[in-house]
Amino acid sequence: MPVNVLTALFYLAAAAGIALLIVRVARTRGGTGGPVHDRYEAAFLNGGPARVVDSALAALQSDGRLAVGGPGIVAVVRPVAHDPVERAVLQAHAAAPHGALHHLRMAVMRHPAVQEIGDGLAARGLVVDPATRRTTLRWCAGIGLAALAMFPVSAVLTAVDLAVTAGPSFPFLLKVAPAVLAAGFTALVCGTIAARQVTPAGRNAVFAYGRAHAHLADAGLLVALHGLRALPDPVLREQLVAAARVYGPPGRRGGGNRRPVPHRYDSSDAGDDFAAAVVWCAGTSACGGGGGGGGGSCSGGGSGSSCSSGSSCSSGSCSSGGGSSCGGGGSSCSGSSSSSCSSSSGSSCSSSSSSS
């Protein structure tokens with residue numbers, strides 16, 4: 001094949017890869033945007049599901065509805081919930097065999113009331129769901145590796161061209177180097193951008209929310225905006241820090257739950273959450289049944305519950321009560337879906353959050 005044709009093919013392939021990555025990243029990080037609606041959305045943007053649960057626990061403990069004693073045992077003083085996440089905390093505590101804080105924390109993280117917060121933010125383009133983010137990163141890695149592999153290929157083709165061409169010839173490697181370097185650089189930049197969970201619209205929205213509510217000293221809001229370091233109660237702060245360490249990164253924690261982490265939520269201000277096993281299923285089967293009982297099952301495509309596209313699996317949340325029903329504000333599950341409740345006195349599958 002003539003060298004000029006090979007050169008043209010290299011440039012066409014590089015241009016196609018560059019265009020693919022730019023369009024992909026732009027689409028995944030777009031969306032309608034909009035403001036942050038409440039402190040739980042702010043918490044999710046700042047630190048994922050773990051921050052949402054910590055915010056609810058701080059609010060419940062601050063007004064005496066919940067007490068956390070040593071060593072990390074939770075007791076419900078007044079079973080009164082003001083929102084779906086607080087209701088999820090009470091449900092998970094009632095369903096758990098013991099009141100261990102780290103088990104309760106993980107169970108509530110997996111609860112649909114928390115999961116649907118992320119789904120709603122993703123639908124508005126404030127965060128990128130884990131599956132989309134992983135796919136984009138794979139594309140970036142694939143094109144980046146392909147560009148890297150083109151250097152030895154180009155060197156071989158250069159040697160062949162110099163061997164068969166009579167007289168001086170411009171090296172093939174230097175001809176295609178701009179295209180290969182451009183593709184590799186684009187893959188690196190797009191991969192760096194795609195690795196960020198929160199979109200620019202999400203960062204602007206949570207910043208605006210924090211600025212508008214900076215005058216409030218509510219414990220739950222302080223945790224949502226600033227993390228555990230802002231929690232006024234030092235005892236609860238130490239207990240939550242210890243609970244976060246239990247479900248730290250796999251391979252570094254000693255003992256505890258060995259369940260694979262579906263997604264490690266990344267945030268610039270999540271250091272005090274110890275990058276805990278912050279689970280955001282986003283409609284996949286990764287959540288499972290939720291450690292410690294009370295966590296919802298959010299299965300997609302396989303056995304168990306199967307949710308239609310764009311909705312989260314609300315049928316997995318269990319609360320005490322008579323009968324069994326699955327309902328929710330707009331989320332739908334396919335006819336083959338099923339849910340199980342671990343409460344011995346009968347349970348109901350409830351959903352208070354809207355689907356994305």
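**Entry 1: helix 3 against helix 4**

I began by listing who touches whom: Ala88, Val89, Ala92 and His93 of helix 3 are in contact with Leu104, Ala107 and Val108 of helix 4. Sorted by type, the residues of this contact come out as six nonpolar, one polar and no charged. A reminder to myself that this is a predicted model.

Next I looked up the geometry. Helix 3 covers residues 84-95, and its axis comes within 9 Å of that of helix 4, with a crossing at roughly 125°. The two helices are therefore oblique to each other. I noted the handedness too: helix 3 passes helix 4 in a right-handed crossing.

**Entry 2: helix 4 against helix 10**

I stayed with helix 4 and turned to its packing on helix 10. Helix 4 spans residues 101-109 and helix 10 spans 234-246; they pack at about 70°, and their axes are 9 Å apart. An angle from 65 to 115 degrees counts as roughly perpendicular, so helix 4 is roughly perpendicular to helix 10. This crossing is right-handed.

Which residues make the contact? From helix 4 I found Leu101, His102 and Arg105, and from helix 10 Gln239, Leu240, Ala243, Ala244 and Val246. By type, the contact of helix 4 with helix 10 holds five nonpolar residues, two polar and one charged.

**Entry 3: how enclosed is helix 4?**

With two partners noted, I checked burial along helix 4. Seven of its nine residues are buried, so helix 4 is largely enclosed by the rest of the structure. The buried ones are Leu101, Leu104, Arg105, Met106, Ala107, Val108 and Met109. I was pleased to see Arg105 again: it is on the buried list and is also part of the contact with helix 10.

What do these buried residues pack against? I wrote down helix 2 (39-62), strand 1 (66-69), strand 2 (73-76), helix 3, helix 5 (112-123) and helix 10.

**Entry 4: helix 2 against helix 5**

Helix 2 passes helix 5 in a left-handed crossing.

I then picked a few residues to look at on their own. Leaving out residues up to four places away in sequence, Gly31 touches Arg124 and Gly125. I also looked up a C-alpha distance: Gly31 and Ala123 are 92 residues apart along the chain, and their C-alpha atoms are separated by 7.3 Å.

Thr7 sits in helix 1, residues 3-28. The cut-off for buried is under 20% relative accessible area, so Thr7, at 12%, counts as buried. Beyond its neighbours up to four places away in sequence, Thr7 touches Phe172, Lys175 and Val176.

Ser154 belongs to helix 6, residues 130-164. Ser154 is buried, with a relative accessible area of 1%. With neighbours within four places in sequence set aside, Ser154 is in contact with Phe10, Phe172, Leu173 and Val176.

**Entry 5: stepping back to the chain**

Last, I looked up the totals. The protein chain has 10 helices and four strands. From the N terminus, the order of elements is α-α-β-β-α-α-α-α-α-α-α-α-β-β.

Of the 356 residues, 45% are buried. The chain exposes about 15600 Å², and carbon and sulfur atoms supply 62% of that area. Among contacts with a separation of 6 or more, 71% are between residues 24 or more positions apart. The pair of Gly31 with Arg124 was a friendly example to end my notes on.

Key: Residues numbered from 1 in each chain as written. Predicted model: local features only at pLDDT ≥ 70, side-chain atom pairs only at ≥ 80, totals over all residues. Heavy atoms only, no water. Axes fitted to C-alpha atoms, helices over the stretch in contact; angles between N-to-C directions. Parallel < 35°, antiparallel > 145°, perpendicular 65-115°, else oblique. Left-handed = near helix turned anticlockwise from the far one by under 90°. Contact = heavy atoms within 4.5 Å. Nonpolar A, V, L, I, M, F, W, Y, C, P; charged D, E, K, R; others polar. Buried < 20%, exposed > 50% of the residue type's maximum accessible area, 1.4 Å probe, protein only. Areas by Shrake-Rupley, 256 points an atom, 1.4 Å probe, with all protein chains shown as cover.
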